[in-house]
Amino acid sequence: MGPTQIFRQLLERYPRLTVCEEEIWKAYEEWAACFDRKGKLMTCGNGGSSADAQHIVGELMKEFDRKRPLEEAFAARLEAMYPREGLPGKLQPALPAVALGSGQVLVSAYSNDVAPDMVFAQEVYGYGREGDILLALSTSGNSVNVGNAVKVARAMGIRTMGICGRRYTGADNLLVSLCDICIVIPETEVYLVQELTLPVYHALCRMVEARYWQA
């Protein structure tokens with residue numbers, strides 16, 4: 001199953017997402033272009049959205065829906081350098097991704113010493129490079145610290161993407177007003193937004209994985 005088939009499967013299983021199908025497909029194209037140019041995906045969010053941000057990284061940095069064989073030349077080099085240790089068989093190709101806010105030392109230090117609403121922004125400034133993508137998650141779309149990360153990313157020439165609910169719309173929704181692409185989940189209640197957010201990013205992870213590795 002290729003990216004297009006995975007995308008169609010998502011919409012068939014979750015027909016409520018048809019209202020944002022254009023944005024989901026554009027998100028896939030952005031992810032693919034990012035990984036094609038050897039960029040990385042940065043993710044951020046608060047609470048349940050932080051869990052989703054880390055979940056996405058987990059799916060991208062290792063095998064998810066299909067096998068990812070190690071590049072033969074590197075596998076041979078690793079085996080030649082460290083024979084009989086079996087290292088190539090324990091390594092998998094990754095799609096580079098990092099979840100912001102997952103380092104407690106930096107989070108607590110920056111929150112205490114500088115500004116708690118700038119922790120994600122500081123990490124974007126430290127980790128981010130032009131060619132990367134920032135994926136910002138917020139069920140309301142109005143999380144200030146997430147919005148500040150998007151603002152810094154935009155100033156750095158980093159493509160920005162949001163996933164949020166539709167509790168607020170238009171200019172009242174920070175992510176919608178700031179992000180290059182924003183997938184607005186057609187729900188307002190937090191738990192319902194989160195329930196539909198997971199299949200969206202699972203599909204995106206499967207789609208980019210299918211782009212690079214055969215089933």
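Trainee: Why are α3 and α9 called roughly parallel to each other?

Mentor: In this predicted model, α3 and α9 pack at an angle of about 20°, with their axes 10 Å apart; angles under 35 degrees count as roughly parallel, over 145 as roughly antiparallel, 65 to 115 as roughly perpendicular and the rest as oblique, and α3 and α9 are therefore roughly parallel. The axes are lines fitted to C-alpha atoms over the stretch in contact, with angles taken from 0 to 180 degrees between N-to-C directions, and the helices are DSSP runs (H or I, at least four residues; strands are E, at least two). Local features need pLDDT of at least 70 and side-chain atom pairs pLDDT 80 or more, whereas totals for chains, interfaces and linings use all residues. Residues are numbered from 1 along each chain, and side-chain values use heavy atoms, without hydrogens and water.

Trainee: Which residues of α3 and α9 meet?

Mentor: From α3 come G48, S49, D52, H55, I56, E59 and L60, and from α9 come Q194, T197, L198, Y201, H202, C205 and V208, where contact means heavy atoms within 4.5 Å. By class, this contact of α3 with α9 has 6 nonpolar, 6 polar and 2 charged residues (Ala, Val, Leu, Ile, Met, Phe, Trp, Tyr, Cys and Pro count as nonpolar, Asp, Glu, Lys and Arg as charged, and the others, Gly among them, as polar).

Trainee: What makes α1 roughly antiparallel to α9?

Mentor: The axes of α1 (residues 3-13) and α9 (residues 190-212) come within 8 Å and cross at roughly 165°, which makes α1 roughly antiparallel to α9. The contact is made by P3, I6, F7, Q9 and L10 of α1 and P199, V200, A203, R206, M207, A210 and R211 of α9, and these residues divide into 9 nonpolar, 1 polar and 2 charged.

Trainee: What lines the largest cavity, and which element gives the most to its lining?

Mentor: A cavity is a set of points on a 1 Å grid where a 1.4 Å probe fits but cannot get out, and lining residues have an atom within 4 Å of a point. The search of the whole structure finds 1 cavity of 30 Å³ or more, and about 50 Å³ of space lies in the largest cavity. Its lining consists of S49, D52, L137, S138, T139, I163, C164, V193, Q194 and T197. At least two residues come from each of α3 (48-60), β3 (133-138), β4 (159-165) and α9, and α9 gives the most, with 3 residues. The lining of the largest cavity divides into 4 nonpolar, 5 polar and 1 charged residues.

Conventions
1 Å grid on protein atoms, 1.4 Å probe; cavity = no way out; pocket = protein on both sides within 12 Å on 5 of 7 lines; lining within 4 Å. Points joined across faces, edges and corners; volume = space filled by probe spheres on them.
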